[in-house]
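Please read them alongside the coordinates.

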Amino acid sequence: MDTIKEIIQTLHNAGDAEIAKHSSRFFKSGPGEYGEGDKFLGIRVPVIRQFAKQFKCSDLETLSALLDSDWHEVRLLALVILSEQFKKASPPVRDDIFAFYLAHTDRINNWDLVDCSAHIIVGGHLVEADKTILYTLADSISLWERRIAMMATFTFIRANQLEDTIKLAELLLKDKEDLIHKMCGWMLREMGKRDVQRLKAFLDKHIQTMPRTMLRYAIEKLPKEERQDYLTR
């Protein structure tokens with residue numbers, strides 16, 4: 001408990017009110033917005049990463065307590081620590097971290113929290129394993145679980161495993177959330193860096209139904225003439 005108090009106090013001491021105001025707007029924490037009710041101390045990510053090195057040996061009980069915090073940066077710190085621990089862990093410990101992560105998805109509740117951790121922990125755990133759980137997450141009522149599913153495929157893409165990116169993007173074509181459109185477009189763009197023909201095949205198949213935001217993100221690295229062609233179809 002003393003360690004938890006020490007960590008939280010350290011972050012409170014590092015907070016900046018002006019940065020906190022900006023973060024609150026940037027992460028849409030107002031009424032009716034996707035981050036409604038989130039609270040910010042006002043700490044930049046590089047500073048959080050320095051604190052993660054300081055508290056890198058925190059156990060899962062401590063990290064669970066940090067994830068329960070109302071403060072965004074405290075939860076971010078927990079996820080950065082957890083991700084770094086996963087990278088260096090043995091297979092049994094990785095199993096524990098993966099299970100812990102999935103048990104706390106309700107606290108991984110903004111896009112930066114997902115994006116700093118899902119590909120490392122979920123993607124890293126599943127890259128050589130059965131990926132069925134991703135399709136359960138993609139079908140979740142939780143925006144953040146759906147984003148976790150797609151973000152996890154970043155690790156697969158880097159391993160030249162592209163099929164799940166395509167399948168999940170197809171499942172999420174009718175998603176109503178702009179943050180999902182952006183995520184799918186981002187992962188399709190990354191897939192296109194590995195195999196542009198598979199990206200074009202996806203676009204040709206779904207050009208009439210895919211959200212415009214998803215399309216714009218997906219075609220970002222294509223030549224200008226090809227981008228214009230897709231945008232005017």
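1. His-206 belongs to helix α13, which covers residues 196–206. The model is a predicted one. With a relative accessibility of 10%, His-206 counts as buried, because the cut-off for that class is under 20%. Apart from neighbours within four places in sequence, its contacts are Glu-170 and Leu-173.

2. Helix α13 also holds Lys-200, which pairs with Glu-226 in helix α15 (residues 224–231). The two form a salt bridge, with 3.1 Å between the closest N and O atoms. They are 26 residues apart, and the pair links distant parts of the chain. Lys-200 counts as buried at 19% relative accessibility, just as the value falls under the 20% limit. Glu-226, at 26%, counts as partly exposed.

3. Helix α6 runs over residues 91–103 and has 13 residues. From its first C-alpha to its last it reaches 18 Å, close to the 18 Å expected at 1.5 Å a residue.

4. Which residues of α6 are buried? They are Ile-97, Phe-98, Phe-100 and Tyr-101. These residues cover an arc of only 165° around the axis, so they sit on the same side of α6. The face turned away from that buried side carries Pro-91, Pro-92 and Ala-103, which are exposed.

5. The cover over the buried residues of α6 includes several other helices. Among them are α4 (60–67), α5 (72–88), α7 (111–115) and α8 (118–126). Helices α9 (132–138) and α10 (143–158) are also included.

6. Ile-108 is placed in the loop between α6 and α7. Is this residue buried or exposed? Ile-108 is buried, its relative accessible area being 0%. Leaving out neighbours within four places in sequence, Ile-108 contacts Leu-79, Tyr-101, Leu-113, Val-114, Ser-117, Trp-144 and Ile-148. One of these, Tyr-101, is also one of the buried residues of α6.

7. A separate check on Ile-108 concerns Arg-75. The C-alpha atoms of Ile-108 and Arg-75 are separated by 7.6 Å, while the two residues are 33 residues apart along the chain.

8. The remaining points concern charged pairs. Side chains of opposite charge can pair when their charged atoms come close. How many salt bridges does the structure hold? The total is 13.

9. Within helix α2 (residues 17–26), Glu-18 and Lys-21 lie three residues apart, about one turn of the helix. Their side chains meet in a salt bridge at 3.7 Å, N to O. Glu-18 has a relative accessibility of 53% and counts as exposed, because that class begins over 50%.

10. Asp-175 and Arg-146 form another salt bridge, with the closest N and O atoms 2.5 Å apart. Asp-175 is in the loop between α11 (163–171) and α12 (178–194), and Arg-146 is in helix α10, so the pair ties together parts that are 29 residues apart in sequence. Both ends count as buried: Asp-175 at 11% relative accessibility, and Arg-146 at 10%.

11. Besides these pairs, there is a network of salt bridges that links Asp-204, Asp-229 and Arg-233.

Methods:
Residues are numbered from 1 along each chain as its sequence is written. This is a predicted model: local features need pLDDT of at least 70, side-chain atom pairs count only at pLDDT 80 or more; totals for chains, interfaces and linings use all residues. Side-chain values use heavy atoms; hydrogens and water are left out. Helices (H or I, at least four residues) and strands (E, at least two) are DSSP runs, numbered from the N terminus. Buried means under 20% relative accessible area, exposed over 50%, partly exposed in between (1.4 Å probe, protein chains only). Contact means heavy atoms within 4.5 Å. The expected span of a helix is 1.5 Å times one less than its number of residues. The arc is that of the directions from the helix axis to the C-beta atoms. A salt bridge is a side-chain nitrogen of Lys or Arg within 4 Å of a carboxyl oxygen of Asp or Glu.
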